[in-house]
Amino acid sequence: MDTAHRMLAEFDLPPSLATAILSPLGCGHINRTFLAQGADGACCVVQCINAHVFPDGEGMMRNFARVCGHLHAQFAKEGMTPAQANRRALGVIKTRAGADYARDENGSVWRCMPHVQHTHTFQSPEDTDQARRAAFAFGDFIRRLADLPPSEFTIPIPGFHDTRARFAAFEAAVKADRVGRAKDVAREIGFLENRASLAGELLQMGFPERVVHNDTKLNNVLFDADSGEALCVVDLDTVMPGLALHDFGDMARCAVNTAAEDERDLSRVRA
């Protein structure tokens, strides 16, 4: 927490946030995220990027800033005020030196963002209408990024949706069987091995590469606390070139699975 307080001082913030109270925010497993609240009600989010997951923090932040700027420019053209746009898209609070991020004494990347207040997230859909609203938000997100060239984006996690590479890693793990569990899941292994040809199917079908979200879980959408409207897509660290079908598949997986992401028994599926 002391490091978070020191890093907060690096950003160009109102004086009340210089002595803000910091508290953990969200339930993510990757980055360390804090809500900073000033005595006058001002607030922002400060976040430390996990360097093990995102070793190229600088490149990832270029992607992040570009996407945020692109969305805010679109909303401005549509007549939204900055305050309205700040509820529809994440933003970048620059450092006092004018940079999009700061580094601590260990070289870790920190960023600061406006806080989208009076919103909720959900781990799984409460009903089909909520799932529909989230899916629309992700679809609109992809649509708004359609004019950004995928080739100009950094790849923050190489091979993230390389199904062939994932399947090869699976086969290697089965062969190694380090803890002797392959015999207990022989049926599941056979199911996958019988469908090995599907691993490269999407690449062979000619779907266009575009800038997509790549992590379309329900808890990456902020819902208005009063109306329930899906307002803002968050967690943009994996935004990079990919297929829209990857985003569809990940959202569908989240919508039907009733277990938590770190649940060991993933057999519980929504009927």
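Visitor: How many aromatic pairs does the count come to?
Guide: This is a predicted model: local features need pLDDT of at least 70, side-chain atom pairs count only at pLDDT 80 or more, and totals for chains, interfaces and linings use all residues. Residues are numbered from 1 along each chain as its sequence is written, and side-chain values use heavy atoms, with hydrogens and water left out. Rings of Phe, Tyr and Trp (its six-membered ring) pair if their centres lie within 6.5 Å; planes under 30 degrees apart count as stacked, over 60 as edge-to-face and the rest as tilted. By this rule the number of aromatic pairs is three.

Visitor: Are the rings of phenylalanine 34 and tryptophan 110 stacked or edge-to-face?
Guide: Their centres are 6.4 Å apart. With 15° between the planes, the pair of phenylalanine 34 and tryptophan 110 is stacked.

Visitor: How many residues apart in sequence are the parts that phenylalanine 34 and tryptophan 110 tie together?
Guide: Strands (E, at least two residues) and helices (H or I, at least four) are DSSP runs, numbered from the N terminus. Phenylalanine 34 lies in strand β2 (residues 32-37), tryptophan 110 in strand β5 (residues 109-114). So the pair ties together parts whose separation in residues is 76.

Visitor: Which kind of pair do phenylalanine 167 and phenylalanine 170 form?
Guide: Their ring centres are 5.4 Å apart. Their planes stand at 50°, so the pair is tilted.

Visitor: What separates phenylalanine 167 and phenylalanine 170 along helix α5?
Guide: Phenylalanine 167 is buried, at a relative accessible area of 15%. Helix α5 (residues 163-176) holds both residues. They are three residues apart, so the separation is about one helical turn.

Visitor: At roughly what angle do the axes of α5 and helix α6 cross?
Guide: Axes are lines fitted to C-alpha atoms, for helices over the stretch in contact, and angles run from 0 to 180 degrees between N-to-C directions. Helix α6 covers residues 186-193. Its axis and that of α5 come within 12 Å and cross at roughly 145°.

Visitor: Is the crossing of α5 and α6 left-handed or right-handed?
Guide: A crossing is left-handed if the near helix is turned anticlockwise from the far one by less than a right angle, and right-handed if clockwise. The passage of α5 by α6 is left-handed.

Visitor: Which residues of α5 and α6 make the contact?
Guide: Contact means heavy atoms within 4.5 Å. From α5 come Phe167, Phe170 and Val174; from α6 come Ile189, Leu192 and Glu193.

Visitor: At what distance from the ring centre of phenylalanine 191 does arginine 195 lie?
Guide: A charge sits over a ring if NZ of Lys or CZ of Arg is within 6 Å of the ring centre and within 35 degrees of the ring normal. Arginine 111 lies over the face of phenylalanine 64, at 4.3 Å from the ring centre. Arginine 195 lies over the face of phenylalanine 191, and the distance is 3.7 Å.

Visitor: Which element has the lowest mean pLDDT?
Guide: pLDDT is the predictor's confidence in each residue, from 0 to 100. The protein averages 90, and 94% of the residues score at least 70. Helix α2 (residues 57-77) has the highest mean, 97. The lowest, 79, belongs to helix α7 (residues 201-204).

Visitor: What is the phi of asparagine 214?
Guide: Asparagine 214 sits in the loop between β7 (210-212) and β8 (221-224). Asparagine 214 is buried, with a relative accessible area of 2%. Although not a glycine, this residue has a positive phi of about 75°.

Visitor: What is the phi of aspartate 235?
Guide: The loop between β9 (230-233) and β10 (240-242) holds aspartate 235. Aspartate 235 is partly exposed, with a relative accessible area of 30%. Again not a glycine, aspartate 235 has a positive phi of about 55°.

Visitor: Which residues does phenylalanine 54 touch, not counting those up to four places away in sequence?
Guide: Phenylalanine 54 lies in the loop between β3 (43-48) and α2. Its relative accessible area is 5%, so phenylalanine 54 is buried. The residues touched are Ile30, Asn31, Ile49, Met60, Pro156, Ile157, Asp237 and Thr238.

Visitor: Which residues does alanine 137 touch, not counting those up to four places away in sequence?
Guide: Alanine 137 is in helix α4 (residues 128-144). Its relative accessible area is 13%, so alanine 137 is buried. Alanine 137 touches Val221, Ala230 and Val233.

Terms used:
Buried means under 20% relative accessible area, exposed over 50%, partly exposed in between (1.4 Å probe, protein chains only).
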